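The exercises below are meant to be worked through with the sequence and the structure side by side. Each one sets a task and then gives a solution in steps.

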Amino acid sequence: MATEVKKIVLAGTDDHDLTKLAEYEAVGGYKALPKARAMTPQEVTEELITSELRGRGGAFFPTGRKWSFVPSKEQIPKPHYLVVNADESEPGSFKDNEIMSRVPHRFIEGCLITAHSIDSKHVFVDIRGEYSGPYEILVNALEELKDRPEIRGDVTIVVHRGAGAYICGEETALLESLEGKRGQPRSKPPFPAISGLYASPTVVNNVETITTVPPIIEMGGAEYAKLGVPNTRGTRVVSLSGNVVNGGNYEIAPGMTVRAIIDELGGGIPDGRELKAVVPGGSSTVILTKDEIDVGYDFDSLGQLKTAMGSAGIVVLDDRCCIVQLGIRFSEFYEHESCGKCTPCREGTRWLTAILRKLEDGRATQADLDLLLDVCDRINGKCLCPLGDSDAIIIASYVAKFRDEFIAHIEEGGCPFGGESSLDHVLAPIAMHTHSPVAEVPA
Amino acid sequence: MSLYEAIQDVRAIYPDDSESAVLPALRLAQAEYGWLSPDALREVADALETTPAYCKSVASFYDQFHLVPIGEHLVEVCTNVSCAVVGAQQVVEAFEGELGCHAGETSADGKVTLRAVECLGGCGWATIVAVDNHYRTHVKADDVPAIVRELQGVSETHGD
């Protein structure tokens with residue numbers, strides 16, 4: 001499979017500084033916008049449906065269909081809102097960081113076209129508070145448009161900064177946060193398309209999704225749909241990290257194998273180590289063993305292995321990684337980030353951490369392993385949002401695929417890595433929270 | 001511009017009957033005072049015509065708001081998996097050694113607060129260290145002494 005792909009999202013960034021308006025316009029930027037505005041909103045939405053673009057935030061929902069759910073102003077006489085989810089916080093994913101930093105104007109053009117398509121005058125970009133760099137770049141790019149009313153039209157774009165909470169990447173938690181509240185998910189329905197921001201019809205899209213809109217309008221939905229593989233059209237910006245020589249973001253043709261992404265784009269595993277496992281789409285996705293990486297990086301192929309592209313964060317793990325410790329570190333993350341609204345997640349995530357810790361410390365028996373999977377079952381599918389589910393799903397996948405390693409922790413009375421694991425004794429933020437008592441697993 | 005005026009400006013961005021200005025207002029107050037003291041929360045609440053309790057309930061949800069005083073500088077080391085497998089823990093320990101305090105604490109001179117934090121979204125450029133909210137990439141334990149000297153205001157001496 002060829003590694004070269006014609007870039008769409010990051011097109012032009014190799015030779016140009018596209019953070020500058022003049023350079024973006026020199027490579028044909030802001031040409032899709034008048035083209036879209038000459039079309040009716042319905043025609044733009046149709047074009048997106050034709051393109052088969054699906055959401056790049058993780059849920060992979062068809063973008064055009066999502067837009068088509070927004071009721072007309074006759075049906076619901078309220079303002080329509082476009083909210084861009086720039087709250088990228090999934091461990092392993094950092095593509096939106098780079099997209100906003102390198103093609104801010106293409107992103108803004110996408111916001112303006114989408115606003116036209118859903119008949120919205122108000123765009124809120126909800127960017128995670130930690131992203132000071134991309135925030136400043138976006139603000140500067142918007143500043144450059146101050147004297148360009150023909151581009152801005154009558155649309156206002158507000159860049160709203162979060163303040164550090166993974167859960168705000170969940171779309172209804174993001175809306176709560178944007179309304180000045182604690183970022184706790186809402187129960188659905190109603191869905192945001194009907195009752196979203198300020199109880200008004202709202203479309204929530206991811207940064208990469210929005211940035212893909214101008215090229216689709218430019219080339220036409222039908223052309224875009226010729227790229228990629230069935231169910232995964234166009235390109236995908238993947239984030240590569242972990243034990244790999246060249247970490248970074250790469251725009252790939254869907255269907256390229258995970259092995260090729262790691263070896264050809266990432267330069268393979270450093271230090272002469274062996275591959276052990278790959279987290280394919282951010283921390284929330286089912287793990288792949290080293291024998292499963294000839295899978296194509298697309299929705300259907302990964303789906304056959306019961307995993308997903310998620311938010312395209314590929315984390316490469318070499319043979320020094322203890323899988324129980326991997327479970328602990330990710331579970332500590334979900335425990336720390338659980339908003340506390342629903343019990344299975346709030347209690348379950350810390351039980352998972354505690355049981356895994358017991359395994360790691362050599363205090364566990366077979367019954368604890370059974371309890372671990374039982375807690376996974378008691379979380380999965382029983383929460384308002386996918387946060388708790390994610391912890392349950394991944395831990396269950398670690399046990400399913402690396403059961404021998406879990407058993408070894410029980411039989412050898414501790415970690416078989418003997419302190420040599422790459423994740424040994426990593427300090428997680430949750431451990432700094434001394435004020436909250438931690439659940440003890442009964443002996 | 002006073003904090004009150006700055007908050008009114010940010011308030012004007014959002015619809016009249018919304019609380020959307022709470023997060024930006026808390027951010028402004030924290031920039032002004034370094035942390036969100038009870039007095040700062042009251043000032044924000046007054047400016048937004050809400051209660052200090054509401055402001056605190058919101059602030060306490062988010063990691064970036066400080067409800068206790070912090071040092072002049074904030075050093076945050078990502079210790080999530082992508083950073084951890086390439087040495088984030090060694091970076092944390094190097095900072096602890098240089099600063100003479102544990103993660104979660106402030107150095108005795110009050111200059112630097114050290115924290116371990118969850119994924120900062122720069123995984124391919126690990127280890128990520130946010131110094132006063134700006135990312136340093138590819139940080140190794142060996143880089144830590146120079147960063148600490150920089151924050152302590154000691155000018156870097158060149159050469160070996």
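**Exercise 1. Work out the order and the direction of the strands in the sheet of chain A.**

In chain A, four strands make up an open sheet in the order 3-2-1-4, and their pairing is parallel. Strands here are DSSP runs of E with at least two residues, helices are runs of H or I with at least four, and both are numbered from the N terminus; two strands pair if DSSP finds at least two bridges between them. Strand 3 (156–161) and strand 4 of chain A each have a single partner strand and stand at the edges, so one side of each is left without a neighbour in the sheet. From one strand to the next, the twist averages 20°, where axes are lines fitted to C-alpha atoms (for helices over the stretch in contact) and angles run from 0 to 180 degrees between N-to-C directions.

This is a predicted model, in which local features need pLDDT of at least 70 and side-chain atom pairs count only at pLDDT 80 or more, while totals for chains, interfaces and linings use all residues. Residues are numbered from 1 along each chain as its sequence is written, chains are lettered from A and ligands numbered from 1 in the order in which they are written, and side-chain values use heavy atoms, leaving out hydrogens and water.

**Exercise 2. Decide whether the faces of strand 4 of chain A are covered or open.**

Begin with the pairing: five bridges join strand 1 (residues 81–86) to strand 4 of chain A, and A:Y81 stands opposite A:T202. Next, take the two faces, where A:T202, A:V204 and A:N206 on one side and A:V203 and A:N205 on the other are all buried (under 20% relative accessible area; exposed is over 50%, partly exposed in between, with a 1.4 Å probe and protein chains only). Since five of the five residues of strand 4 (residues 202–206) are buried, this strand is largely enclosed by the rest of the structure.

**Exercise 3. Describe the aromatic pair of A:Y81 and A:Y198, then the pair that joins two chains.**

Over all chains, a search of the whole structure finds 14 aromatic pairs (rings of Phe, Tyr and Trp, with its six-membered ring, whose centres lie within 6.5 Å; planes under 30 degrees apart are stacked, over 60 edge-to-face, the rest tilted). The ring centres of A:Y81 and A:Y198 are 5.4 Å apart and the planes stand at 75°, so this pair is edge-to-face. Because A:Y81 lies in strand 1 and A:Y198 in the loop between helix 9 (171–178) and strand 4 of chain A, the pair ties together parts that are 117 residues apart in sequence. A:F124 and B:Y14 form a stacked pair, 5.9 Å centre to centre with 10° between the planes. A:F124 lies in strand 2 (residues 122–127) of chain A and B:Y14 in the loop between helix 1 (3–11) and helix 2 (22–33) of chain B, so the pair joins two chains. A:Y81, A:F124, A:Y198 and B:Y14 form one aromatic cluster.
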